[in-house]
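User: I would like to go through this structure term by term. Please set each value against its definition.

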Amino acid sequence: MKFDELVQIRHSCRKFQDKPVEREKIIRCLESARLAPSACNSQPWKFLIFDDQVKRPDIAIAASSGIYSASRFIQTAPVLITVLADKKGFLSTAGSFLRNTRFYLIDIGIACEHIVLQAAELGLGTCYVGWFNEKAVIKVLDLKKNIEIPLIIVMGYPAASYMETDAVRKYAVSNRRKSIEEITEFNKNK
Ligand SMILES: Cc1cc2nc3c(=O)[nH]c(=O)nc-3n(C[C@H](O)[C@H](O)[C@H](O)COP(=O)(O)O)c2cc1C
């Protein structure tokens with residue numbers, strides 16, 4: 001699939017078939033994440049994958065607990081990718097401090113987009129989830145203090161209701177976006 005087509009068909013999927021995702025496909029997504037660029041090549045990410053019935057339900061329930069119940073669709077996803085951010089890489093931390101920009105979050109965003117685009121190419125649906133109970137998930141995973149979970153990515157084969165034709169998807173995605181004119185200026189100061 002060509003890149004422009006890929007970015008047009010990718011969309012968030014919040015309902016999945018009850019069908020496991022092949023490990024090879026998950027690994028291909030992670031390989032794409034691995035190749036992502038990052039500030040000072042710090043690669044401040046780690047991906048914990050849950051694709052079985054042992055830990056995954058506990059994490060999904062913890063993630064969508066309390067005021068985060070709107071994210072209960074997480075519980076139906078066959079694969080959860082908890083995205084861990086390590087904030088302590090020295091060079092990018094120094095750069096972040098001087099520029100007042102959290103480069104590690106930019107890095108994580110890029111790596112995650114590699115994952116979801118690769119997944120789309122493989123026929124998988126994904127959704128970023130930022131609205132989740134991070135504290136509860138950190139507790140279930142028993143993580144160290146310097147580790148954050150900025151995002152969870154849910155992944156699986158899209159349920160029938162999400163399987164529009166590519167043409168319908170392209171139309172829908174393109175229409176939900178601001179126009180090029182709204183978001184860009186050539187050769188102007190502002
Ligand atoms: C950083 C980030 C966090 C997001 N968090 C959530 C979330 O918590 N719950 C949700 O349903 N969708 C979430 N989304 C998905 C967006 O709502 C979605 O990408 C946007 O509405 C555009 O729709 P599309 O992905 O179908 O093109 C998130 C997306 C991003 C990039």
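User: Which strand gives the largest share of the shell around the ligand?

Analyst: Strand E3, residues 125-129, gives the largest share, with three residues. Strands (E, at least two residues) and helices (H or I, at least four) are DSSP runs, numbered from the N terminus. This is a predicted model: local features need pLDDT of at least 70, side-chain atom pairs count only at pLDDT 80 or more, and totals for chains, interfaces and linings use all residues. Residues are numbered from 1 along each chain as its sequence is written, and side-chain values use heavy atoms, with hydrogens and water left out.

User: Which residues come nearest to the ligand?

Analyst: Arg10, Ser12, Arg14, Trp131 and Arg177 come nearest, out of the 13 residues around the ligand. A residue is near a molecule if one of its heavy atoms lies within 4 Å of it.

User: Why is Asn187 called exposed?

Analyst: Exposed means over 50% relative accessible area, buried under 20%, and partly exposed in between (1.4 Å probe, protein chains only). Asn187 has 81% relative accessibility, so it counts as exposed. Asn187 sits in the segment after helix H8 (180-183).

User: And why does Asn41 count as exposed?

Analyst: Its relative accessibility is 52%, so Asn41 counts as exposed. Asn41 lies in the loop between helix H2 (23-34) and strand E1 (45-50).

User: What is the phi of Asn41?

Analyst: Asn41 has a positive phi of about 50 degrees, although it is not a glycine. Most residues other than glycine have a negative phi. Asn187 also has a positive phi, near 55 degrees.

User: How do you know that the buried residues of H2 lie on the same side?

Analyst: The buried residues of H2 are Ile26, Cys29, Leu30, Ser32 and Ala33. They cover an arc of only 155 degrees around the axis, so they are on the same side of H2. The arc is that of the directions from the helix axis to the C-beta atoms. The face turned away from the buried side of H2 carries the exposed residues Arg23, Glu24 and Arg34.
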